Amino acid sequence: EFGVSGFCGYAAGFALKRAAQVVIFTTGCLFCVLQVMANHGYVTVHWEKIDHDWIHHLDTNGDGKVGLDDAHGSLTQVQTYLEQGLPGAAGFGGGFLLGLRS
């Protein structure tokens, strides 16, 4: 059971890391496109509103800033959610962290 949970944790961590990389890449590309369009006068981007909305959703500890504490809290929530019902939660947690680091 430890091996299965550990492998599932590794696979989940690996998949989450890859998905995060795709999201970050896509966000960067979208930012570049918006900036080019704004600089050429095609669109007006209200960065203050975007900033406010993102902070509202990403600030998990409610301190008004997005930081490492928020990232750690979100990662812990994801890990806890994914390991529910598994017989070897410790194996899943270790595999999950290894998957994120690989």
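A disulfide needs the two sulfur atoms within 2.5 Å. This is a predicted model, and it holds zero disulfides.

Cys29 is partly exposed, at 35% relative accessible area. Cys8 is also listed as partly exposed, with a value of 34%.

## Aromatic pairs

How many aromatic pairs does the structure hold? There are three. One of them joins Tyr10 and Phe14 in a stacked arrangement. Their ring centres lie 6.2 Å apart, and 20 degrees separate the planes. Planes under 30 degrees apart count as stacked. Both residues belong to helix H1, which covers residues 2–39. They are four residues apart there, so about one helical turn separates them. Tyr10 is partly exposed, with 32% relative accessibility. Phe14 is partly exposed, with 32% relative accessibility.

Phe31 and Trp47 form another aromatic pair, and this one is tilted. The centre-to-centre distance is 5.6 Å, with 55 degrees between the planes. Phe31 sits in helix H1, while Trp47 sits in helix H2, residues 47–58. The pair therefore ties together parts that are 16 residues apart in sequence. Phe31 has 42% relative accessibility and counts as partly exposed. Trp47 is partly exposed too, with a relative accessible area of 32%.

## The second largest pocket

H1 and H2 each supply at least two residues. By residue class, the lining has six nonpolar residues, one polar residue and no charged residue.

## The largest pocket

The largest pocket holds about 450 Å³ of space. Its lining comprises 18 residues. Which of them are closest to the centre of the pocket? They are Leu16, Ala20, Ala71, Ser74 and Leu75.

H1, H2 and helix H3, residues 68–82, each supply at least two residues. Eleven lining residues are nonpolar, five are polar and two are charged.

Side chains of opposite charge can pair when their charged atoms come close. The structure holds one salt bridge. Its partners are Asp53 and Lys49, whose closest N and O atoms are 3.1 Å apart. The distance cut-off for such a contact is within 4 Å.

Both residues lie in helix H2. They are four residues apart, about one turn of the helix. Lys49 is exposed, with a relative accessible area of 54%.

## Distances along the chain and in space

Gly93 is placed in helix H4, residues 89–101. Is Gly93 buried or exposed? Gly93 is buried, because its relative accessibility is 9% and the limit for that class is under 20%. Gly93 and Ser5 are 88 residues apart along the chain. Their C-alpha atoms are separated by 8.5 Å.

Leu68 belongs to helix H3. With 75% relative accessibility, Leu68 counts as exposed. Leu68 and Val23 are 45 residues apart in sequence. In space, the C-alpha to C-alpha distance between Leu68 and Val23 is 18 Å.

Technical notes: Residues numbered from 1 in each chain as written. Predicted model: local features only at pLDDT ≥ 70, side-chain atom pairs only at ≥ 80, totals over all residues. Heavy atoms only, no water. Phe/Tyr/Trp six-rings, centres within 6.5 Å; stacked < 30°, edge-to-face > 60°. Buried < 20%, exposed > 50% of the residue type's maximum accessible area, 1.4 Å probe, protein only. 1 Å grid on protein atoms, 1.4 Å probe; cavity = no way out; pocket = protein on both sides within 12 Å on 5 of 7 lines; lining within 4 Å. Points joined across faces, edges and corners; volume = space filled by probe spheres on them. Nonpolar A, V, L, I, M, F, W, Y, C, P; charged D, E, K, R; others polar. Salt bridge = Lys/Arg side-chain N within 4 Å of Asp/Glu carboxyl O.
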